[in-house]
Amino acid sequence: MKLSHARIGILILTILVATSGCGYINGIRAKSQLNEAVSAYKDKKYDDAEKYARKAMALDPTNENAPLILAVTLQTQYRRGDPSDPNIKRAEEAINLYKQVEAKDPNNDQAFTAVTILLGYLDKKDEQRTWLEKRANDGAVSAERRSDAYAFLANKDWECSIEVTDKNKQNVSKPDGSVSVQYKKPQDAGEYDKAQQCMTHGLQMAETAISMKPDNETAWGQKYNLLREAAKLAKMDENEGKAADYEKQALEALKRTQQLHEQNKTPDTPAQPAS
């Protein structure tokens, strides 16, 4: 049987309306499931919250809140230090969901921070650094947020350097009974070179963070830490003059950090006058 163009048009319109209606209804159902997920999460019924969030995603894959709610629920259920496969998979799924959220909204701090933390918990240092570098270099992200990412990278470099300096320090007793700390150059020259590279790169990251956000307290704090590392490494190299210069710069960075800390303090709520 042949159908006229008018008849075909009516059939297509009927299909579109039916499809649209189905999508609309599923959207409403998905929102209902998300409400149940949030309610269960608040009641600390995380298994139920996960079940509702997954059902919401199945009903409406376009719902932008569902991946975030499921990610938060999975992250909450993750047990740090538990190497079991189900626990690791839970963290990895949360990371992938957060990345989906961040891909649509590069300025989403919750997703960015959660991925950073979870990658650290999973000891995926290289992947974590790549993640941080991605935000630091993303022009779609605000300068303030990029500055924070650079400060975080500076912290990673500080951790790299202090791992070497802490391992090669020793307490020396003085005649007056006091104790001073001395830093001895490691026998493995590669360790010293690694610490130098980390310290140098970390200072660059801190300076970049400050250039993008001059009042970034965290970045100034990282600059202070890294300048102290520079002084330690100079002492290892028996260059006391250079060490003294780094220590002087470190004190200036510390002073600026303290100033910003005072400025950023939340002012106390003024007392209400007695009635």
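How are α8 and α9 oriented to each other? Keep that question in mind as you look at this predicted model; point 2 comes back to it.

1. Let's begin with confidence. The protein chain has a mean pLDDT of 89, and 88% of its residues reach 70 or more. Where pLDDT is low, the predicted coordinates should not be read in detail.

2. Now for the opening question. Helix α8 covers residues 189-212 and helix α9 covers residues 217-236; their axes lie 9 Å apart and the angle between them is about 155°. An angle over 145 degrees counts as roughly antiparallel, and therefore α8 and α9 are roughly antiparallel to each other. The crossing of α8 past α9 is left-handed.

3. Have a look at the residues in that contact. On the α8 side they include Y192, C198, M199, L203 and I210, and among their counterparts in α9 are W220, L226, L227, L233 and M236. Sorted by class, the contact of α8 with α9 has 15 nonpolar, two polar and three charged residues.

4. Next, find helix α4 (residues 85-104). The axes of α4 and α5 come within 9 Å and cross at roughly 150°, which means that α4 is roughly antiparallel to α5. This crossing is left-handed. From α4, the residues A91, A94, I95, Y98, K99, V101 and E102 meet A111, A114, V115, L118 and L119 of α5. Of these contact residues, ten are nonpolar, none is polar and two are charged.

5. Helix α5 (residues 109-121) also packs with helix α6 (residues 125-136): their axes come within 9 Å and cross at roughly 160°. So α5 is roughly antiparallel to α6, and the crossing of α5 and α6 is left-handed. In α5, the residues that take part include D109, F112 and T116, while the partners in α6 include E127, Q128, W131 and R135. The contact of α5 with α6 divides into six nonpolar, three polar and three charged residues.

6. Here is something to trace on the structure. A111, V115 and L119 of α5 are among the residues that meet α4, and A111, V115 and L119 are also among those that meet α6.

7. Finally, turn to the strands. Which way do β1 and β2 run? Strand β1 (residues 169-173) and strand β2 (residues 179-183) run antiparallel, joined by five bridges.

Terms used. Residues are numbered from 1 along each chain as its sequence is written. This is a predicted model: local features need pLDDT of at least 70, side-chain atom pairs count only at pLDDT 80 or more; totals for chains, interfaces and linings use all residues. Side-chain values use heavy atoms; hydrogens and water are left out. Two strands pair if DSSP finds at least two bridges between them. Helices (H or I, at least four residues) and strands (E, at least two) are DSSP runs, numbered from the N terminus. Axes are lines fitted to C-alpha atoms, for helices over the stretch in contact, and angles run from 0 to 180 degrees between N-to-C directions. Angles under 35 degrees count as roughly parallel, over 145 as roughly antiparallel, 65 to 115 as roughly perpendicular and the rest as oblique. A crossing is left-handed if the near helix is turned anticlockwise from the far one by less than a right angle, and right-handed if clockwise. Contact means heavy atoms within 4.5 Å. Ala, Val, Leu, Ile, Met, Phe, Trp, Tyr, Cys and Pro count as nonpolar, Asp, Glu, Lys and Arg as charged, and the others, Gly among them, as polar. pLDDT is the predictor's confidence in each residue, from 0 to 100.
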